[in-house]
Amino acid sequence: MILDYIPIFLVIIVSIIFGAVVIFSSTLFGPQRPTKIKLMPYESGKNPVGTTHERISIKYYLVTMMFIIFDIEVVYVYPWAVEFKKLFGEHGIFAFIPMLIFLVVLELGFLYLYAKGGLKWD
Amino acid sequence: MPQNNYEYFLLMPQIIIAVGIVLSVLIEITTKKSEQILPWFSIAMFFGTAFYSVFNINQNFVLFSGMIEVGGKPAIFNFIFNIGAALVVLSSIDYLKKYGTYYGEYYILIQSSVLGMMVMSGAKDILMIFMGLELMSICFYVLAGINRKKLSANEASMKYFLLGAFATGFIVYGIALLYGATGTTSIQNLVENFVTYSSNIIFVLGFVFFLIGFSFKIAAVPFHMWVPDVYQGSATTVTSLMSTTGKAAAFSVLIIVLTAVFTFNAPNVFRPYFATISALSMLFGSIVAISQTNLKRMLAYSSISHAGYMAIGLAAGNMFSVAGIIFYLAAYAFMNIGAFTIISIVEGEDDSRTDFDSFSGLNDKSPVLAATMALFMFALAGIPPLAGFFGKYYVFIAAIQSKLTWLAILGVLSSVISVYFYIRVVVVMYFREASEDFKINISPYSLIAVVIAAFFILVFGILPDTLMNVILSALP
Amino acid sequence: MSSIPMEYYLILSAFMFSVGVAGVLIRRNAIVVFMCIELMLNSANLSLVTFSSYLGNPIGQVFVFFVMTVAAAEAAVGLAIIIAIFRNKKTVNIDEINIFKW
């Protein structure tokens, strides 16, 4: 049973060794003449400004949160869409109406968010 | 998919509330005057649903291929939820003005939480229980912190959220194990094969997880840590909603999952669990409440001990105890909503005037408030002939029928202890000089809510048999 | 998949659940506590999917959809509550949020 996994372990070990060799061989054999400009983080040729750990505005969080809420609807829509042909054959228009109601209610929530100014950036 | 489109008409109570929520959102978007429209719209909706449920109590059906039940027991619960929510909305109108914090979401969230409770009380599938529970709980988390500028409301909301979500984790894991042991989430299957499953270790483990999660929701010791802080920190009207209807909804679920024990006399394997939490809750709640100086906090501990009395019924596990629990929940809803409404009238801005001192000499300032508050306190203490007495009486009788006399004796003992702190409120109101000088602005709407609650307590107290017969006839 | 016994998944799920419970009880940062609660929900999801697969009926997987949706709603509300408290108090440490005696 556990023997079945030996090839996977072998692949993991080989890939770790290969990666390590490739990375360390360049520092081991290559010439090293560091200057200040060479050690700078790469910012497309510009001089980097500020720290790398910047705090993101709280407004960004709000928009992301809204995205997650309205994104999760796909969990319900996707299986429905996959099975739609079969459902339509069995139930006709009643395969369509419940999902329509669901989406209308969902979009009403979005409308509420918009009307209350939840998407205003400033 | 509908096998029969007629099913949608039978689901009318839930549909009224659901359509009402959609309309409320539209009202809130389109008009600036939603503060005047929404409360009355909600009250009309709640009363409509309550009376629709009561008049269709005999139409008992299971709809949507065994998903949800209407009529019968759910109808009685719908009545409790809707009348309770209507009274809370009535008392909120001027309370929100006093704090100057009106958010349109307030009424919409109350409506959504009531919809969640109605789904829970009618659930015939564990999936429905879960969806209803979460709809109710998430609305309550937001409602607890609705006054978002105030630190105490923030704190209450966060504690409620973290511990409520923790309980949800237990419930979901319990459901996963139940599903693994039974292979289905249908309550019907659970009820029919309860005895067989009781010897399955995974089933029992899952069920215990489920019960632990719901013990959080009904506020029973040792899962009560959030109760005092949340009840004290939230807006008073919100507290009255979640301490009464929220508790009723959680108990309705416990009654549903234990139907096999109640109706078909299956051996109650979980009796030791319920007996323990009920004994601990009664004594802990009553003893700790004695030392409280804040009235809201005192009522929070009293809520814990009342959860204990109701859990006696779950431990007893016979048909009569279910009726007793439902009677108790109905009585408790009106007593507690009445008491909290009076606190919300007396309360000043910024959480002030919720101590015992603020109630001193209330009789001189407003005899009506003092008299009704005394009535609610006597009812909570369980003094006959008020509704609270009969709630306890039926539950204790059921316990004695199931040979749990020791639990009934503990219950009586704890009631005697609790009389002390309820009567202290009455003594302070009638026999102390007013220590603070302030004028009470009695809001007419809140006063109507108080009078309705007092009316129901008197009716249930004087004619307990009427309500009891209705409940017993609704049970299968 | 069928060559891996069901117990392995269930033990992993129970382990995740225990880590979640321990985290809720031990950690003091509200956001970390909340992450631990999400871990508890996900361990339940793992159990549900496992049972669903081994029992050969889809109810468990459908249940997982609903648990995921609810977890998203809970995350939105919970993080909003934590932000509200951070605006007023400038901390999310549970021990420092103590107006009421705990």
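Helices in these legends are DSSP runs of H or I with at least four residues, strands are runs of E with at least two, and both are numbered from the N terminus. The model shown in every view is predicted.

**Figure 1. The contact between chain C and chain B.** In this interface, 35 residues of chain C are in contact with 32 residues of chain B. On the side of chain C that touches chain B, two or more residues come from each of the elements α1 (6–26), α2 (30–55) and α3 (59–89) of chain C. Of these, α3(C) provides the largest share, 16 residues. Sorted by class, this side of chain C holds 26 nonpolar, seven polar and two charged residues.

**Figure 2. The contact between chain A and chain B.** Eight residues from chain A and six residues from chain B make up this contact. The side of chain A that touches chain B receives the most from helix α6 (residues 97–115) of chain A, which gives five residues. Seven residues of that side of chain A are nonpolar, one is polar and no residue is charged.

Figure 3. Chain A is assigned a domain 1 (2–39) and a domain 2 (58–115). The C-alpha centres of domain 1 of chain A and domain 2 of chain A are 46 Å apart. Helix α6(A) has 19 residues, which at 1.5 Å a residue should span 27 Å, and the 26 Å between its end C-alpha atoms agrees with this. After α6(A) comes A:Gly117, with a positive phi near 80 degrees.

**Figure 4. The packing of α5 and α6 in chain B.** Two packed helices are described by the angle between their axes and the distance between the axes. Helix α5 (residues 105–121) of chain B packs with helix α6 (residues 126–144) of chain B at an angle of about 155 degrees, and their axes are 7 Å apart. Angles over 145 degrees count as roughly antiparallel, and α5(B) and α6(B) are therefore roughly antiparallel to each other. The crossing of α5(B) with α6(B) is left-handed. On the α5(B) side, the contact is made by B:Leu109, B:Ser112, B:Ser113, B:Leu115, B:Gly116, B:Met117, B:Val119 and B:Met120. The residues of α6(B) that take part include B:Met128, B:Ile129, B:Leu133, B:Met136, B:Cys139 and B:Phe140. The contact of α5(B) with α6(B) comprises 15 nonpolar and four polar residues, and no charged residues.

**Figure 5. The packing of α5 and α12 in chain B.** The axes of α5(B) and α12(B) come within 8 Å, with a crossing angle of roughly 20 degrees. Angles under 35 degrees count as roughly parallel, and these two helices, α5(B) and α12(B), are therefore roughly parallel to each other. Their crossing, that of α5(B) and α12(B), is left-handed. Helix α5(B) contributes B:Ile110, B:Met117, B:Met120 and B:Ser121 to the contact, while α12(B) contributes B:Leu241, B:Thr245, B:Ala249, B:Ser252 and B:Val253. Six residues of the contact of α5(B) with α12(B) are nonpolar, three are polar and no residue is charged.

**Figure 6. The packing of α10 and α12 in chain B.** Helix α10 (residues 201–218) of chain B and helix α12 (residues 236–257) of chain B cross at roughly 155 degrees, and their axes come within 8 Å. That angle makes α10(B) roughly antiparallel to α12(B). The crossing of α10(B) and α12(B) is left-handed. From α10(B), the residues B:Phe214, B:Lys217 and B:Ile218 meet B:Lys247, B:Ala250, B:Phe251, B:Val253 and B:Leu254 of α12(B). The contact of α10(B) with α12(B) has six nonpolar and two charged residues, and no polar residues.

**Figure 7. Backbone features in loops of chain B.** Most residues other than glycine have a negative phi, and most peptide bonds are trans. The peptide bond from B:Val221 to B:Pro222 is cis, with omega near 5 degrees. B:Pro222 is located in the loop between α10 and α11 (227–233) of chain B. B:Pro384 and B:Pro385 are likewise joined by a cis peptide bond, with omega about 5 degrees. The loop that holds B:Pro385 lies between α18 (367–381) and α19 (387–401) of chain B. B:Phe64, although not a glycine, has a positive phi of about 55 degrees. B:Phe64 is placed in the loop between β1 (61–63) and β2 (68–70) of chain B.

Terms used
Residues are numbered from 1 along each chain as its sequence is written. Chains are lettered from A and ligands numbered from 1 in the order in which they are written. This is a predicted model: local features need pLDDT of at least 70, side-chain atom pairs count only at pLDDT 80 or more; totals for chains, interfaces and linings use all residues. Two residues are in contact if their C-beta atoms, placed from the backbone, lie within 7 Å. Ala, Val, Leu, Ile, Met, Phe, Trp, Tyr, Cys and Pro count as nonpolar, Asp, Glu, Lys and Arg as charged, and the others, Gly among them, as polar. Domain bounds come from an automatic or database domain assignment. Axes are lines fitted to C-alpha atoms, for helices over the stretch in contact, and angles run from 0 to 180 degrees between N-to-C directions. Angles under 35 degrees count as roughly parallel, over 145 as roughly antiparallel, 65 to 115 as roughly perpendicular and the rest as oblique. A crossing is left-handed if the near helix is turned anticlockwise from the far one by less than a right angle, and right-handed if clockwise. The expected span of a helix is 1.5 Å times one less than its number of residues.
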